[in-house]
Amino acid sequence: MKPTTRGTLAAVLTCVAAAAGAAVATPAAAVGTVPVPVPLDAAEKSLNMELPEIRGEIPVPAPGTYEGPRYVEGRLLPERTVPQLPLEAGLPGATLRAPVPEVLGDDYGHVGVSAPASDLRTLGPGLGPDAPLTPPHPDNSGLPALKLPQAGLESPAVQAAPGGVNVVRGPGR
């Protein structure tokens with residue numbers, strides 16, 4: 001087998017193994033998010049103490065479906081000439097779990113704070129101009145008449161439902 005073929009085969013197998021590992025390692029992640037753990041293991045071992053666990057979730061934007069331009073009787077240009085483009089993503093989430101010393105005794109407890117990722121839907125601005133001409137009229141020998149130009153701007157929209165922050169206290173590791 002050539003070195004090029006071996007390298008390609010190794011890269012493909014590595015990608016498949018990474019994809020399978022990521023699919024198994026993130027069962028609790030929200031749909032459309034990528035988990036981001038903050039690695040503090042080396043600092044924890046070198047300092048010989050327990051450090052907080054920090055994890056985050058970064059949303060992955062995805063394009064939505066949009067309604068394209070449509071013909072309206074009495075207008076020369078279609079309605080929604082520049083359509084509103086939807087984008088669906090999410091607000092980022094985070095989880096923090098830190099050791100807290102007990103007031104009485106030498107033991108440590110833990111406090112956890114989590115803010116889950118939530119959905120976010122947006123619509124970009126749209127534009128619906130109309131030409132300064134009317135459609136052809138049979139009364140006017142088939143010629144269009146003049147009229148005032150029109151332009152309609154569709155405002156952008158943002159819709160989100162963020163979840164609450166959860167605070168939990170518990171014993172031990």
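**Salt bridges and the open sheet**

Reply: Start with Glu-79 and Arg-70, whose side chains meet in a salt bridge at 2.8 Å, N to O. A salt bridge here is a side-chain nitrogen of Lys or Arg within 4 Å of a carboxyl oxygen of Asp or Glu. By this rule the count comes to three.

A word on the source. This is a predicted model, where local features need pLDDT of at least 70, side-chain atom pairs count only at pLDDT 80 or more, and totals for chains, interfaces and linings use all residues. Residues are numbered from 1 along each chain as its sequence is written, and side-chain values use heavy atoms, with hydrogens and water left out.

Back to the pair. Glu-79 is partly exposed, at 22% relative accessible area. Arg-70 is partly exposed too, at 45%. The cut-offs are these: buried is under 20% relative accessible area, exposed is over 50%, and partly exposed is in between (1.4 Å probe, protein chains only).

Next comes Lys-147 with Asp-130. Their side chains form a salt bridge at 2.6 Å, N to O. This pair links distant parts of the chain, 17 residues apart. Asp-130 is in strand S8 (126–130), while Lys-147 is in the loop between strand S8 and strand S9 (150–154). Strands (E, at least two residues) are DSSP runs, numbered from the N terminus. Lys-147 is partly exposed, with 25% relative accessible area. Asp-130 is buried, at 4%.

Then take Arg-97 and Glu-53. Their side chains meet in a salt bridge at 3.8 Å, N to O. Arg-97 lies in strand S5 (residues 93–101) and Glu-53 in strand S2 (residues 53–59), so the pair ties together parts that are 44 residues apart in sequence. Arg-97 is partly exposed at 26%. Glu-53 is partly exposed at 40%.

Now the sheet. Five strands form an open sheet in the order S1-S2-S5-S6-S11, with antiparallel pairing. Strand S1 (33–38) and strand S11 (166–171) stand at the edges with a single partner strand each, so one side of each has no neighbour in the sheet. Neighbouring strands here are turned by 15° against each other on average, direction ignored. Axes are lines fitted to C-alpha atoms, and angles run from 0 to 180 degrees between N-to-C directions.

Strand S6 (residues 108–115) pairs with S11 in the antiparallel sense over six bridges. Two strands pair if DSSP finds at least two bridges between them. Val-111 has Arg-169 in S11 as its bridge partner.

Definitions and conventions:
Helix = DSSP H or I, 4+ residues; strand = E, 2+ residues; numbered from the N terminus.
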